Amino acid sequence: LLNQMISQHQSGLLAMKKADSVESLSLYWVREVKVHQVRRSTATDYESRLRREIFPWLGKRPIQDLSGYEIERWMHNLANLGKSPATINGARRVLFQLCKYATRLDLMPFNPVAKTDPMKVDPNKTSVKKPWTQQEVTSVLSKVAGSDLDLFVHLALFTGMRRGEILGL
């Protein structure tokens, strides 16, 4: 038993500090650490993802108690609620960064998110919408004629430009 404990101590498993919850550590991490490393909008996005997708399931758990199995279950719960793989993987990336930070602080011996795989995108599911019919195009053009949206709608319909491209133009 002594040899086992010495081995665990040398590998960092017995060097745990007090058990911060996922929620408390992540709020500190986003507001005090990440805000100086990334753009403010990125830090805001991290906090939003934490509050929406992570805190309801993992927020009260001690950060050092997270396991790969628990993270897998959390990801599948999000999928069962209808969250897209992009949303789940975005939240997983934020959790990965948080656990990486906790590992650097010696709050956990390893990053449990690294033991999980990202959600796969269903190849049969597409976000591409069917093109408008001639009737729909005519209807929209007649409704926006003479309004502030007239130019934007014409650009979108006749060039295929996206919103951001039209606004940039």
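Biologist: Which residues of α5 does α3 meet?

Modeller: This is a predicted model, in which local features need pLDDT of at least 70, side-chain atom pairs count only at pLDDT 80 or more, and totals for chains, interfaces and linings use all residues. Residues are numbered from 1 along each chain as its sequence is written, and side-chain values use heavy atoms, with hydrogens and water left out. Contact means heavy atoms within 4.5 Å. From α3, the residues Y46, R49, L50, E53, I54 and L58 meet A86, T87, G90, A91, V94 and L95 in α5.

Biologist: How are the axes of α3 and α5 oriented to each other, roughly parallel or roughly perpendicular?

Modeller: Axes are lines fitted to C-alpha atoms, for helices over the stretch in contact, and angles run from 0 to 180 degrees between N-to-C directions. The axes of α3 (residues 40-58) and α5 (residues 85-104) come within 9 Å and cross at roughly 90 degrees. Angles under 35 degrees count as roughly parallel, over 145 as roughly antiparallel, 65 to 115 as roughly perpendicular and the rest as oblique. The two helices, α3 and α5, are therefore roughly perpendicular.

Biologist: How many charged residues does the contact of α2 with α5 have?

Modeller: The axes of α2 and α5 are 10 Å apart, at an angle of about 90 degrees. V22, L25, S26, Y28, W29 and V33 of α2 make this contact with V94, Q97, L98, Y101 and A102 of α5. Asp, Glu, Lys and Arg count as charged; Ala, Val, Leu, Ile, Met, Phe, Trp, Tyr, Cys and Pro as nonpolar; and the others, Gly among them, as polar. The contact of α2 with α5 accordingly divides into nine nonpolar, two polar and no charged.

Biologist: What is the geometry of the aromatic pair of W29 and Y46, stacked or edge-to-face?

Modeller: Rings of Phe, Tyr and Trp (its six-membered ring) pair if their centres lie within 6.5 Å; planes under 30 degrees apart count as stacked, over 60 as edge-to-face and the rest as tilted. The search of the whole structure finds one aromatic pair. The ring centres of W29 and Y46 are 5.8 Å apart and the planes are at 0 degrees, so the pair is stacked.

Biologist: Which element gives the largest share of the lining of the largest pocket?

Modeller: Helices (H or I, at least four residues) are DSSP runs, numbered from the N terminus. The lining includes L149, F152, R162 and L167. Four residues, the largest share of the lining, come from α7.

Key
1 Å grid on protein atoms, 1.4 Å probe; cavity = no way out; pocket = protein on both sides within 12 Å on 5 of 7 lines; lining within 4 Å.
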